[in-house]
Amino acid sequence: MSASASQLAQLVLQGQRQPSDLVEEAFQQISLQAHLGALISTVEGAPEQAQLVAKRLRAGVSLPLAGVPVVVKDNLNVKGTRTTCGSRALENYHSPYTATAVQRLIEAGAVVVGKANMDEFAMGSSSENSAFGVVRNPWDHTRVPGGSSGGSAVAVAAGMVPVALGSDTGGSVRQPAAFNGVYGFKPTYGRVSRYGLVAYASSLDQIGPFARSAEDLALLMDVISGPDARDATSLETLPAFRAALTREVRGMKFGLVREALEGGNTPGVRAAVEQICTLLESLGASVAEVGLPTLHYGVAAYYLIATPEASSNLARYDGMVYSHRAAGQTDVNSSMSSSRGAAFGPEVKRRILMGTYALSSGYYDAFYAKAMKVRRLVADDFARAFGHFDALITPTSPFPAFRLGEKTHDPLSMYAADIDTVMVNLAGVPALSIPAGYETLEGRELPVGVQFIAPALGDERLVTIAKAIEDATNKAYLRLAPQN
Ligand code: GLN
């Protein structure tokens, strides 16, 4: 399915395609490419949903996503589906309700066809921590798709669906977007309701879209963002993304983050950043270096904030109400500990231990409280930079997709891969990964992403930038992944 969501909806509105045909086509692609492991489940009720969309259209309802098949990460509740979060703990959990962001997609005429594979509870950067098998990168099957929203990114890159939803706590939409050659957007904290998103680290979590065009990105954001009475942290700001598509980058000031270029980036990543800067200048924007010194402490602070929040959020999976319960236990303590012991994978256990440790008496001040101070310094760094620049530029990741198994034995090297993305969540600002070229490694072309960061509530500006680059490059970096 190479058409965009906007094109497909247009065809449906003109009566040239039927919603049920689109759903069938998506199912075909999904089964043809099942070897990629992108989905945990398909949605049985999708054909009926498609019928419902057709009926609403006949009744004259205006639907901006009429009949568009979508995939959502398996930590988003969709009524009538299993929501596993990639974990044995929730293997048999059936959602009794639908997340606000997904509900808004459905109301706009989209049809959810699948629930995407992911790192267990969104903890990871490679989609190798799923209880339901690894996800493979469609550009090179021996490589990871990134994570934790790897399944959503692959579903879009491989043409199973035109758009998908993921969640981004420290880079989980942007980094897999970069590894797969698609757009991945992390909105300002609060612009998309988190109601119905299974919590990992609540002060950092945001839902974000994957797309293959700036127009689709804008369309999706216009549909899913905006206030929601069910999420007290959702902001009142109304979305105005499609209006941003026609603005210019002429006159914009871009800050190229020095610390993100200092070392460790592959030649292909460096070249992509340079090329994008030259392009922006040719469009009448200016680019100058800016310092963001706390970048060096971002990963440490992030993991000392995300894991305490996770250890507290995951306490609810005790086998008593809805998560896996181990058989044969006779008292409550052994029931809880054996249920949790059997249900969680090694990375989730490591995070719970780390988080509990960082919060415990005697260590709280040295770890959690210290990390919170760094979080403030990160926000100050961004505030200073945005005093001079409209948007900042970094690589999305220092390297393209790495090999399956390459970092699984060394958690610290996996965490270090998040260097360019975690600061954004710590500060709550919006950021977009843009497809920006390819790097050939061992005979394989792999996508490279460049990240643009805007000040809080500057989300729409990122769509303007994406569209300007897309037009100026004639969509050169927006190819479907090869199918094999
Ligand atoms: N890689 C980071 C982590 O493992 C970010 C994950 C995410 O954004 N959900 O925590």
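**Exercise 1.** With which side chain does the side chain of serine 148 make a polar contact?

*Solution.* The structure is a predicted model, in which local features need pLDDT of at least 70 and side-chain atom pairs count only at pLDDT 80 or more, while totals for chains, interfaces and linings use all residues. Residues are numbered from 1 along each chain as its sequence is written, and side-chain values use heavy atoms, with hydrogens and water left out.

Step 1. A polar contact is a pair of N or O atoms within 3.5 Å; within protein, one must be able to donate a hydrogen and the other to accept it, and residues adjacent in sequence count only if both atoms are side-chain atoms.

Step 2. The partner of the serine 148 side chain is the side chain of lysine 73, at 2.8 Å.

Step 3. The backbone nitrogen of serine 148 also lies 2.7 Å from a polar atom of the serine 172 side chain.

**Exercise 2.** Determine whether serine 148 and serine 172 are buried or exposed.

*Solution.* Step 1. Buried means under 20% relative accessible area, exposed over 50%, and partly exposed in between (1.4 Å probe, protein chains only).

Step 2. Serine 148 counts as buried because its relative accessibility is 0%.

Step 3. Serine 172 has 5% relative accessibility and therefore counts as buried.

**Exercise 3.** State which residues the UniProt annotation "active site" covers.

*Solution.* Step 1. The unreviewed UniProt entry places this annotation on Lys73, Ser148 and Ser172; such annotations may be inferred rather than shown by experiment.

Step 2. Although spread over 100 residues of sequence, these residues cluster in space, with a largest C-alpha distance of 10.8 Å.
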